[in-house]
Amino acid sequence: MKYIVITGASSGIGYDAARYLIERGYHVFGSVRKPADGARVQGELGEQFTPLLFDVTDGEGVETAVSQVAEKVGSNGLAGLVNNAGIAVAGPLMYLPLEDFRRQMEVNLLGQLAVTQQFLPLLGAVPNAPHPPGRIINISSVSGKVVYPFMGPYAASKHALEAISDALRRELLIFGIDVIVIGPGSVQTPIWDKAQDLDIEPYRDTPYKGMMEGMKKVFIRQGKSGIPVEKVSEVIYEALTKEKPKTRYAIARKLLSGWLLPRYLPARIFDNIIAKRLGITK
């Protein structure tokens with residue numbers, strides 16, 4: 001039996017990855033923040049799913065979860081840790097409350113590192129580990145490489161997550177533990193339903209109000225036409241099982257316009273394209 005920990009398993013990418021891996025013989029420990037969600041997911045996915053009740057920013061909760069997992073897996077250790085939990089904070093940086101920015105970084109960066117540190121011994125980061133080294137999969141985003149207006153907080157957290165992923169991958173070579181980044185574009189998950197609830201009222205008296213309304217419409221449209229979530233689960237499985245996986249997988253909704261052009265066009269040209277699309281310039 002191979003054991004995997006997935007954070008943020010109550011819905012979206014985390015839930016589908018749990019389903020996909022369970023169907024392929026894994027036992028999945030999935031973090032949820034509400035007991036009701038844990039019971040629901042376990043009821044839907046079966047006995048090969050064990051809910052872990054913690055928020056990635058709750059140090060004590062993470063420690064308790066590690067103890068639960070250690071008791072279950074014993075000397076088998078973990079085959080993988082999928083750091084998927086996260087939030088998205090949006091807003092113009094000129095007016096964004098700093099506490100909102102801190103919250104973004106606490107969840108998407110510090111929380112991921114804290115969880116990783118706690119689970120590393122079970123992944124084999126100890127002398128003479130009794131099991132093969134596991135792998136760490138960090139779920140980033142297209143925003144980890146490409147930044148759009150009003151997504152500065154989210155993009156900053158994903159840029160930083162990719163930086164620590166590179167550092168960890170090189171540092172953990174001594175244990176044979178690989179660290180792999182997956183950067184999806186828009187994915188068809190319930191997170192896009194929340195775009196309709198994006199509160200732009202705090203910015204109603206700023207020059208950005210109309211532009212943020214346009215961005216909100218773009219988000220909703222992208223979510224409806226996004227990548228099927230199972231595509232991300234397939235890549236997670238490949239990253240966990242392939243003998244020589246890539247260090248980073250990009251899963252773009254539209255390869256040319258959503259990934260290649262934003263990365264390789266001259267920055268000033270891409271600035272102008274985005275500015276016109278959102279009405280920042282005429």
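A residue counts as buried when its relative accessible area is under 20%, and as exposed when that area is over 50%. Keep those two words in mind as you explore this structure, which is a predicted model.

- Strand β4 covers residues 80-83, and its residues are all buried.
- Gly80 and Val82 point one way from strand β4, while Leu81 and Asn83 point the other way.
- Strand β1, made of residues 2-6, pairs with β4 in the parallel sense over 3 bridges.
- Within that pairing, Leu81 in β4 is the bridge partner of Val5.
- Strand β5, residues 135-139, also runs parallel to β4, and 4 bridges join the two.
- Here Gly80 stands opposite Arg135 in β5.

- Arg277 has a relative accessible area of 57%, and it is called exposed because the cut-off is over 50%.

**A nonpolar surface patch**

- Leu255, Leu256, Leu260, Leu261 and Tyr264 make a nonpolar surface patch of about 510 Å².
- Tyr264 belongs to helix α8, which runs over residues 255-264.
- Is Tyr264 buried or exposed? With 60% relative accessibility, Tyr264 counts as exposed.

Technical notes. Residues are numbered from 1 along each chain as its sequence is written. This is a predicted model: local features need pLDDT of at least 70, side-chain atom pairs count only at pLDDT 80 or more; totals for chains, interfaces and linings use all residues. Side-chain values use heavy atoms; hydrogens and water are left out. Buried means under 20% relative accessible area, exposed over 50%, partly exposed in between (1.4 Å probe, protein chains only). Two strands pair if DSSP finds at least two bridges between them. Patches are made of residues with over 30% relative accessible area and no salt bridge: like charges are joined within 9 Å, nonpolar side chains (Val, Leu, Ile, Met, Phe, Trp, Tyr) within 5 Å. Accessible areas come from the Shrake-Rupley method with a 1.4 Å probe; for residues, only the protein chains shown count as cover. A salt bridge is a side-chain nitrogen of Lys or Arg within 4 Å of a carboxyl oxygen of Asp or Glu.
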